[in-house]
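Here is a report on a structure with several chains. Look at the sequence and the model first, then read on.

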Amino acid sequence: MKRRIETPQDLLDLPAGETINLSRRRFVAGTAIGALVLGFGLPVGVPRVQAAAATAERGTQVPAFLEIRPDNTVRLLCPFMEGGQGTYTAMAQIVGEELDMDPAQFVVDSAPPGEAYVVMENGMRITGGSMSVRMSYPTMRRLGGLARAMLLQAAAEQLGVPVSELSTEPGKVLHAASGRSLAYGQLAGRAMDLPVPDPASIKLRDPGQFRWIGKPVRRLDAYDKSTGKAVFSIDIKVDDMLHAAVQHAPRLGMTVGNMRNEAQVKAMQGVHSVHTLPGAVAVVAERWWHAKRAVEALQVDWQEPGADNTLRVMPADFSSAGWLDHLAAQTGPARDDEHEGDLAAAMASAKTTVEASYRNQYVNHGQLEPPSATARFNPDGSLEVWLPNQAPDMFRADIAKRTGLAPEQITLHSPLLGGFFGRHFLYESANPYPQAIALAKAVGRPVKLIWTREEEFLRDVLRPVAVVKFRAGLDADGMPVAIEAVSATEGPTEALAGKQGEKIDPTALEGLSGKAYAIPNKRIAQIYVKGPAMLGYWRSVGNSLNDFFYESFLDELADKGGKDPYELRLHLLRGNPRLTTLLQAVAELAGGWKPGPFTAEDGSKRARGVAMASPFGSHAAVIAEVSIENGQVKVHDIWQAIDPGSIVNPAIIEAQVNGAVALGLSQTLLEEAVWQNGAPRARNYDLYPILPPQRMARVHVRIVQSGEKMGGIGEPPLPAVAPAVANAVARLTGQRVRSLPLDRHTFS
Amino acid sequence: MSNRRFATTARWLAVPCLLAAGLLAWYVTREPASPFTTDTAVDAALVSRGEYVARLSDCVACHSLPGKTPFAGGLEMATPLGAIHATNITPDREHGIGAYSLADFDRAVRQGVAPGARRLYPAMPYPSYAKLSDDDVRALYAFFMQGVQPSAEANIPSSIPWPLNMRWPIALWNGLFAPAHTYAAKPSQDALWNRGAYIVQGPGHCGSCHTPRGLAFNEKALDESGTPFLAGALLDGWYAPSLRQDPNTGLGRWSEPEIVQFLKTGRNKHAVVYGSMTEAFNNSTQFMADDDLAAIARYLKSLPGDPARDGKPWQYQAVSAAGRLDAPGAHTYVTRCASCHGLDGKGQPEWMPPLAGATSMLAKENASAINITLNGSQRIVAAGVPDAYRMPAFREQLSDQQIAEVLSFARSAWGNEAAAVDAKAVAKLREHTDPASSSPIILHMR
Amino acid sequence: MELRINQKTYQVEAEADTPLLWVIRDDLGMTGTKYGCGLAQCGACSVLVDGNVVRACVTPVAGVVGREITTIEAIEEDAIGKRVVAAWVEHQVAQCGYCQSGQVMAATALLKHTPKPSDAQIEAAMVNLCRCGTYNAIHAAVHELAEGGKA
């Protein structure tokens, strides 16, 4: 953030002779070793480097993460990107708890790429899959503990007393016997030169003694984000920078032919140069507005893809409606993901059978910050890039591959994300940084490229679509005894790979697979259908569609069997105390299960629906209350009980539930990316509306801590929203909706 | 394509069919006379002049498709009887007009008769082009033969079924409604006025959209001798306003320089081009010479208004939409419209047009107001540069009722006194129209 | 042309139709005001002009010459803006934060004109989009401000 890059402490680290020039300086360290440079008041200490290099165990290179400043503030280089989900604050809480430092004293930035920051237990470093906290929690606690041990050791040396006589209070080391104390800031220089202790020697705090973990600690970024001080990729400024805008080929795969009016555009106000890029043309100018207007003016004869094309080609006759019909017509072959019991026999002997076909819609990410990237080649041949990303190491590796530079020559900066929801992974053809790098190279000056909202809607990757055919059998009591779901779809992971893997893409079927209901005979299968649209991850991924399908169909079974949908779920979850508790918790939060229809105080006729989901290691149960207003669905309240096992920050969780509900309602009520003639109909929010404030529901949250393994929080509150709303609508109107969004249907 | 001109009705086909039964076959199959007995020598200057006449006449708007070879045809015009397509008019000898003599070309352009005495559908505005001077026809021919690349793009047959696809009755229609003479200068008027009258009535074919049509889909007047001439007309989901001196629905409040500015840059303090006029501006009027634009302005300013039709002249009344939040539609106006058009309705001239006193907010016909609210504006491309600001499409955000209410609000605010808009009218246009493209659409002539 | 922004006078060279947004961000380097859509759809670019909220992405700069512009950078110099920011922090409104500059400007403009706005007035004024779904937190913050609460 801006104020951080201007601190005097940072300036002290400038090599002698370098002019003080704020915008040219590094403001996030380029490498793990670079972070050491920021250690106040000391040159790069050889012992630190050795410590960093010698310690192999994950998340133990303390100086790479932490800089404790003389004013007793702590700068933490966070392995995860902050995009609103509160990970900076959560990491400060976790590290601060064991370091014994108030999280409010933390300043957090994204760590650069590098092995030192691979802290997740699955050996990855990404900000996604709702994994940041749950996959790094023990490691980041230990990191704080290691740093505290180093500070204690340094204090022992400085005070000349045994470590065993020392203790800590937030931000300082105490020597009780002499009554002396030293602030961490006074010890940091010495401490960080010490070898990192054996991780096994660290004793973590008793959770019963937590001061900050589990508490509603205030977000560290709340003030900066309320006053425009927060810096996003789009805000980056570097000296001598030029601005760029692009015009993409109308269909992916097409190439640049003749530019009819290149000379005229070159002569336009402020234009520096006109460039041809793969599948795009660009204008570089002194101001972005000039670049944008000029590139829009370029008249390009776009050519059909050549034989050497490696991209997924968008056909001229592609339509989203046509593609869904195509999926619906698929009959196989299908691959089983789950197969239990004897489905055929159970179906044959069922008293009643139910069949239904469900489908969903393409959706865009619609994060409010349009994609951008800034690239600068330094005189030594190294490259710096500022860009939004959810996986810095993958991005740096890709840049290395594209440029032929060694990874060490590439400095990747990861500013705050203006929303992400899955948008900022490594998507071929959907990220501006390759263009920015090419342009910076071409003009020999730093270039900031911003995609207009229109270009973003043209190149954003889409959330996948599926057509799922369900069959189920009910016994004489109306209880489900068999269920089959066959989904004709392409999952995002297999879409990125361009082919089906040896195993089923879990992101294709999650939410159909992994359901906890005790239905003895079941089959969940996928018909893989490779499509022409570029796909990607969208908040809660496969669950965002599949839980809508499954939980809606489950209500159909309840209706057919004459069961109450809430009671049926409780029945199917008997013997599962965790989910039984959760379901009962949401009913209690909503004042008891009362499906309606009933007449509300304002005279409107309303009903409620219930649904559950178990995504990303957490479990959620949702009740929605709806009415019909002018033929459209109005959602009044969402009650959500969520069990992530254990938690770090209940206030941030409540905010995340609100956010997930908003996105969940948005896809339920109004969002749909319509494609016709190989092109998206919407190129801005006018034709692709996202949930506006007046359609937000009141949200009531109950956090249930079962004490089970910690689960995710960013995505799990989303998937149960759509089916809870659809089930409430069916209850109220008798109309069973099997496709989204609801605004495409008319209700009475 | 459903927003394009000439797409709504086939009365001009059906009515002549009924009239035709008793008339003589020779009349309908004859080849009319042309003054051109021999082709003229062609030089570059003539080709260049012909290109300018093609700009004046906006041939490209119908005979070219974006991204395709210029003048290779293809624009679909949907009619209730079936679709017809503009033809290939490149000099390709097989698929285009390469085999046409100057006389053949003349008969097609000015009289709507192709070689072989085949009658063109009057979607081709030959009733206006009939007024083209011999010199301009000669130049136009030179341009199409020498300045246009031949294309072997095959013409798309019409999908109108037999017997409605018989074309000979058009000859009868022509006899009734198409003039047989080129423009004759009025000695009582000066040269500027006469030049303006020539462009407006002839190549500019302004009346095709702006003059109301009769039962046979004929323009009710083809020059200033008839008061319906350019008095405003509803065509294909847009209301082309009066170009007469009507202060509310016409050009009564516009000065001559403002008319010139509008046709040259697409905008002035009163309005910004939108709807079908965007195509006319993008492809035609901005390329007109300043003298010609001045002539057009002079001529249009000479056409008197009609207070009986136009009503009481509009007067601005200051009121802020924010102060009327309880009025139906006001909330939508404040949240969706006011950023650009202002709480005071005055817009941000010359980039965002005012709604206070705007024709679409004063006219009885509300189609344009509904259409642009549903579908937004096409990009205006002036001097090769797409516009800085465009009107968004609201069809995905606002219901028929909400659009009806917000337009009713705007049509009754700031001194506007137009009838309320009915949700059914919105629903009807919603069904028959598509959102405008957010990308610039450029049609090339070479 | 000469612009008055945050009580300071700036000389800028820009064509008349340049959106105020890009003058503020690129020419003057104040990046707190955000680009979201360029089409007056999202409100991320909201600034105050003579105390009224406008969307800077659809405001040709020539139209604001001689008027008093306030951006998020100076919001706390305004007494009401300062209260709004405090309420935003108190209610922990921001998630990604990208839209919040605009949200704060919209709330400030509302309360400057209408210290005790009705629900309808709040609904009409607080229309900026937020993809993170902070609407309920915004609602709570604005209602507290409207009721003259502690923030």
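## A covered helix in chain A

In helix 11 of chain A, the buried residues are Trp288(A), Trp289(A), His290(A), Ala291(A), Lys292(A), Arg293(A), Ala294(A), Val295(A), Glu296(A) and Ala297(A). Helix 11 spans residues 288-297 and is mostly covered, with 10 of its 10 residues buried. A residue is buried if 20 or more other C-beta atoms lie within 10 Å of its own, exposed if 12 or fewer, and partly exposed in between; the C-beta atoms are placed from the backbone. Helices (H or I, at least four residues) and strands (E, at least two) are DSSP runs, numbered from the N terminus.

This is a predicted model: local features need pLDDT of at least 70, side-chain atom pairs count only at pLDDT 80 or more, and totals for chains, interfaces and linings use all residues. Residues are numbered from 1 along each chain as its sequence is written, while chains are lettered from A and ligands numbered from 1 in the order in which they are written.

## The sheet in chain A

Chain A holds an open sheet of 7 strands. Their order is 9-10-7-17-14-15-16, and the pairing is mixed. Two strands pair if DSSP finds at least two bridges between them. Which strands stand at the edges? They are strand 9 (271-277) and strand 16 (410-413) of chain A, and each pairs on one side only. From one strand to the next, the twist averages 20 degrees.

Strand 7 (residues 242-248) and strand 17 (residues 447-450) of chain A run parallel, joined by 3 bridges. His243(A) has Lys448(A) in strand 17 as its bridge partner. Helix 14 (residues 392-403) of chain A packs on the sheet and touches strand 15 (383-386) and strand 16. The direction of helix 14 makes about 140 degrees with that of strand 16 of chain A. Axes are lines fitted to C-alpha atoms, for helices over the stretch in contact, and angles run from 0 to 180 degrees between N-to-C directions.

## Domains of chain A

Chain A is assigned domain 1 (2-226), domain 2 (233-308 + 371-450) and domain 3 (321-362 + 463-744). Such bounds come from an automatic or database domain assignment. Where domain 1 meets domain 2 of chain A, the contact takes 16 residues from domain 1 and 19 residues from domain 2. Two residues are in contact if their C-beta atoms, placed from the backbone, lie within 7 Å.

The domain 1 side of this contact in chain A has 5 nonpolar, 8 polar and 3 charged residues. Here Ala, Val, Leu, Ile, Met, Phe, Trp, Tyr, Cys and Pro count as nonpolar, Asp, Glu, Lys and Arg as charged, and the others, Gly among them, as polar.

## Chain B

There are 19 helices and 8 strands in chain B. Of its 446 residues, 54% count as buried. The C-alpha trace of chain B spans about 70 × 50 × 40 Å along its principal axes. A compact globule with 446 residues would have a radius of gyration near 22 Å, and chain B agrees, with 22 Å. This radius is taken over C-alpha atoms, and the globule rule is 2.2 Å times the number of residues to the power 0.38.

Chain B is divided into domain 1 (11-177), domain 2 (191-306) and domain 3 (321-432). The C-alpha centres of domain 2 and domain 3 of chain B lie 22 Å apart. Their contact takes 21 residues from domain 2 and 20 residues from domain 3 of chain B. Which element gives the most to the domain 2 side? Helix 12 of chain B does, with 3 residues. That side divides into 9 nonpolar, 10 polar and 2 charged residues.

## Chain C and its partners

In chain C, 5 strands form an open sheet in the order 2-1-5-3-4, with mixed pairing. Strand 2 (8-11) and strand 4 (52-55) of chain C stand at the edges with a single partner strand each, so one side of each is left without a neighbour in the sheet. The twist averages 40 degrees from one strand to the next. Strand 3 (residues 46-49) and strand 5 (residues 68-70) of chain C run antiparallel, joined by 2 bridges. Leu48(C) has Thr70(C) in strand 5 as its bridge partner.

The contact between chain C and chain A takes 45 residues from chain C and 49 residues from chain A. The chain C side divides into 24 nonpolar, 15 polar and 6 charged residues. Between chain B and chain C, the contact takes 11 residues from chain B and 13 residues from chain C. The chain B side has 7 nonpolar, 4 polar and no charged residues.
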